[in-house]
Amino acid sequence: MCSERHGGRWTISTSPMTVIVMQQPFVSPKSIPILWNLTDVFRETRWALDNFNLSHIRTTTSHYIDIIKVAKTPSEGEFRDDIKDKMPEHLEQIAKTNSFFTLDMYPLTATETYKWPVEFGFMDNKYNFTIVDGKYTYRNAFAFLYDSLVVAIEKAGYPDMEIVVGQIGWPTDGNKDATPENAARFYKGFIPHMVNKKGTPRRPNKNIDAYFYTLSDENRISVPAYGPYIRHYGIYEYDGTPKFEIDFSGKGRKVIPPAAKGIVKLPLRWCIFNGDLSNPKNAEIHMQFACNVSDCSSLQPGGSCSKLNFTSRVSYAFNAFYQLGTQDKLECGGYSGMGVITMANPSVGGCKFPVQILTAESVDDGRQVFYNNVDYARDSGTTSSAAPFNLSLSLSIALLFFVTILLAVNR
C-alpha cells in the first residue's frame, strides 16, 4: 500500500510494493524450527514475480535481531555461528535483486537479553546510560541493535546495503515495564527521531524506513517464542480501542487515535469461578488448561492482572476460555461445573476481564455471518458457511489503511 500526491490531493494505492519471503526463518527459540531453504524460496519467488511482469515488486525477508550474536558493542556484531554460512548467499540474493534487509527488533526484549537497564530501551534515556564503542556513543537500544547489524553485514561484504526496520514497538501488558504509559513514551521519542532522519552513529542523518509492531493486539500469537507480552504490542486493543496518545507526524502533539468503527462485541457477560475451593488442585488444573488454549498473558508477573488472588485468577482463565469459545455456555469451566456465567463485570482495578468481539461464530441460539456488510440471520438448526475472514482481521486491515492515510497527510 502506498500514497501519492496529485494536485494537492493524496491518493491511496493498494498495489503491493514489496513481498516478504518468509518471516524470521532463522529465529533462535528451540520451539520454532529454523527454515534452511530460505535462499531457494527467495530465488523462486523472485523468478515468479519477474516472469509474471511484476519485476517492480521488491522481495525481502524479515529477520529477528537474534540473528546477531549478543555482544558488548556494535563493532563486535556478527551473525550467529549456526547461520553464519547461510547468510552470505542470502545477502547476495538481496544485493542482486536490488532489495533491502529487513530487521525486526523489540527494544524491551533487547534490554532483557543484553541485561541493559530498561531506560536504554527508550530514545529519551533518562538514566544517561551509554555504551561507548570507539568513536561511537550509543544512548538507546535501537541505535545499538541497528548498528550491530550494519557491522555484521559490512563484515559479510555489503557495507551499503539498505536496512529497513520491519517491526518495532513497545508492549502494554504481560511485563512490569509493559504499560500504555511506557509505550506512549517510546513512540514519543522514536517517531520524531525517524521523521527528522537522525539515523544512527554509524549511519548518521540517514532516512530509515520503519514499521510499527503492531496496530492491534494479537491474542492468538505464539507465546513461547517471544514471551507473554508479545500479544500486547498493539497501538489499539483487540477491539479497536486506542490505548495511548501517539502523534504519527512526530510533531509532539497530544493526539489519541480515533476508535475503530463497526466493532460489535458479544453480550456483556462473563464466566467466573464458582469459588469452590474444596479441591484447589482440581481448580488449578482447569485454570492451566484454559490458559494453555486461551490468552492469560495478563496474569504473568508484572502483568495488569498479576496481583489477583487465586479465585480471581481462576475466574480470569475461565473467562478467557469462555470468550474464546464465543460465550458458549459449555466453555464456562468446561464440564467441571466450576464455572458460573455472570452479568456483573468481574474486572478489578486495572485488570480487565475481556469480552470477545463478534466474528462468524454462534451467538446465543442463532447464527450470524458478516460477509460483504450483510448480516445473514440463521435458524438455530442451520449451519452457517464460514466468512472468508473474521471481524478482527477486517479491523486490522482497516487500521492499517487508516494509519497509511494519516502518515501520508502528515508527510
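Biologist: Hi! Which residues does tryptophan 116 contact, leaving aside its neighbours within four places in sequence?

Modeller: In this predicted model, tryptophan 116 is in contact with Ala110, Thr111, Phe129, Ile131, Ala141, Phe144 and Leu145, once those sequence neighbours are set aside.

Biologist: Nice. And which residues of the largest nonpolar core touch the most other members?

Modeller: Trp116 is one of them, along with Phe79, Phe101, Met105, Phe142 and Leu149. That core holds 61 residues.

Biologist: Which elements supply at least two residues each?

Modeller: On the helix side there are α1 (38-51), α2 (87-96), α3 (107-113), α4 (141-155) and α5 (180-195). The strands are β5 (101-104), β7 (136-138) and β8 (163-168). The top contributor is α4, which gives 10 residues.

Biologist: What lies apart from that core?

Modeller: Another core, with 24 residues, including Trp270, Ala283, Ala317 and Tyr322. As a general point, nonpolar side chains in soluble globular proteins tend to be buried together.

Biologist: Changing topic: histidine 63. Where is it found, and is it buried or exposed?

Modeller: Histidine 63 sits in strand β4, which covers residues 58-64. It counts as buried because its relative accessibility is 0%, and the cut-off for buried is under 20%.

Biologist: What does histidine 63 touch, not counting residues up to four places away in sequence?

Modeller: Its contacts are Gln24, Pro25, Phe26, Leu38, His90, Phe101, Thr102, Leu103 and Asp104. With histidine 90 there is also a side-chain polar contact of 2.9 Å.

Biologist: Last one: how many helices and strands does the chain have, and what percentage of the residues count as buried?

Modeller: There are eight helices and 14 strands. Of the 411 residues, 45% count as buried. The chain exposes about 21100 Å², with carbon and sulfur atoms supplying 52% of that area.

Technical notes. Residues are numbered from 1 along each chain as its sequence is written. This is a predicted model: local features need pLDDT of at least 70, side-chain atom pairs count only at pLDDT 80 or more; totals for chains, interfaces and linings use all residues. Side-chain values use heavy atoms; hydrogens and water are left out. Helices (H or I, at least four residues) and strands (E, at least two) are DSSP runs, numbered from the N terminus. Buried means under 20% relative accessible area, exposed over 50%, partly exposed in between (1.4 Å probe, protein chains only). Accessible areas come from the Shrake-Rupley method with a 1.4 Å probe; for residues, only the protein chains shown count as cover. A nonpolar core is a set of buried Ala, Val, Leu, Ile, Met, Phe, Trp, Tyr and Cys residues joined through side-chain atoms within 4.5 Å. Contact means heavy atoms within 4.5 Å. A polar contact is a pair of N or O atoms within 3.5 Å; within protein, one must be able to donate a hydrogen and the other to accept it, and residues adjacent in sequence count only if both atoms are side-chain atoms.
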